[in-house]
Amino acid sequence: MTEPTAADNCIFCKIATGKIPSRKVYEDEDIFAFHDINPWAPVHFLMIPKTHIASMAHVGHEHEALLGRMLALAPRLALEQGCRPYPEGGFRIVTNTGAEGGQEVHHLHWHVMGGPRPWLRG
Ligand code: 5GP
Ligand code: ZN
């Protein structure tokens, strides 16, 4: 079983701070978005909070504003990255949580996927 990664040894914390390079989609004070290194769909990027939250299972009331901002931002970024507009186009948001949820990187992230089908996965 993969144990949750401490913030000081977290690959997505390092991506958010630029210590590990990524193809950036968006950045502000609290949120970072970047292309998935192994895309399942024609559009596939990840949205993360800059602060280390291990998973959706670790979310509390103190994160409501941050997650609300991320959710409101997702549709705009999806369109900017090439997803066609709703309803013909659209996108999928997935957040794997824990081992049985299929989570591999233990820093909260939302997969935002879209583009013409078929997709590799999902
Ligand atoms: P999970 O399985 O935890 O939901 O998804 C982790 C995702 O992170 C995978 O889709 C994987 O391709 C992506 N990923 C893992 N390491 C890196 C990396 O170093 N850079 C980028 N851009 N994506 C990564
Ligand atoms: Zn982290």
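This is a predicted model: local features need pLDDT of at least 70, side-chain atom pairs count only at pLDDT 80 or more; totals for chains, interfaces and linings use all residues.
Residues are numbered from 1 along each chain as its sequence is written, ligands are numbered from 1 in the order in which they are written, and side-chain values use heavy atoms, with hydrogens and water left out.

Let me turn to the strands. Helices (H or I, at least four residues) and strands (E, at least two) are DSSP runs numbered from the N terminus, and two strands pair if DSSP finds at least two bridges between them. β2 and β3 pair in the antiparallel sense over 5 bridges. β3 is also joined to β5 by 5 bridges, again antiparallel, and here F45 stands opposite V112.

How enclosed is β3 by the rest of the structure? Largely so, because 7 of its 7 residues are buried, where buried means under 20% relative accessible area with a 1.4 Å probe, protein chains only. On one side V43, F45, M47 and P49 are buried, and on the other H44, L46 and I48.

Next, the interior. A nonpolar core is a set of buried Ala, Val, Leu, Ile, Met, Phe, Trp, Tyr and Cys residues joined through side-chain atoms within 4.5 Å. The largest has 19 residues, and those with the most contacts inside it are Y26, I31, A33, F45, M47, M70 and L77. At least two residues of this core come from each of β1 (24-27), β2 (31-35), β3 (43-49), α2 (64-80) and β5 (110-114). α2 gives the most, with 7 residues. Apart from this core lies another, of 9 residues, among them C10, C13, F32 and I48.

Leaving aside neighbours within four places in sequence, A33 is in contact (heavy atoms within 4.5 Å) with K24, V25, Y26, F45, L46, M47 and L77.

Finally, the ligand. Which residues come nearest to ligand 1? Of the 16 around it, with a heavy atom within 4 Å, these are D36, N96, E104, H109 and H111. A polar side-chain atom of N96 lies 2.8 Å from an oxygen atom of ligand 1, and a polar side-chain atom of H111 likewise lies 2.8 Å from an oxygen atom of the ligand. For V105, a backbone N or O atom lies 2.9 Å from a ligand oxygen atom. Taken alone, ligand 1 exposes 520 Å², of which the protein buries 85%, by the Shrake-Rupley method with a 1.4 Å probe.

Conventions. Buried means under 20% relative accessible area, exposed over 50%, partly exposed in between (1.4 Å probe, protein chains only). A polar contact is a pair of N or O atoms within 3.5 Å; within protein, one must be able to donate a hydrogen and the other to accept it, and residues adjacent in sequence count only if both atoms are side-chain atoms.
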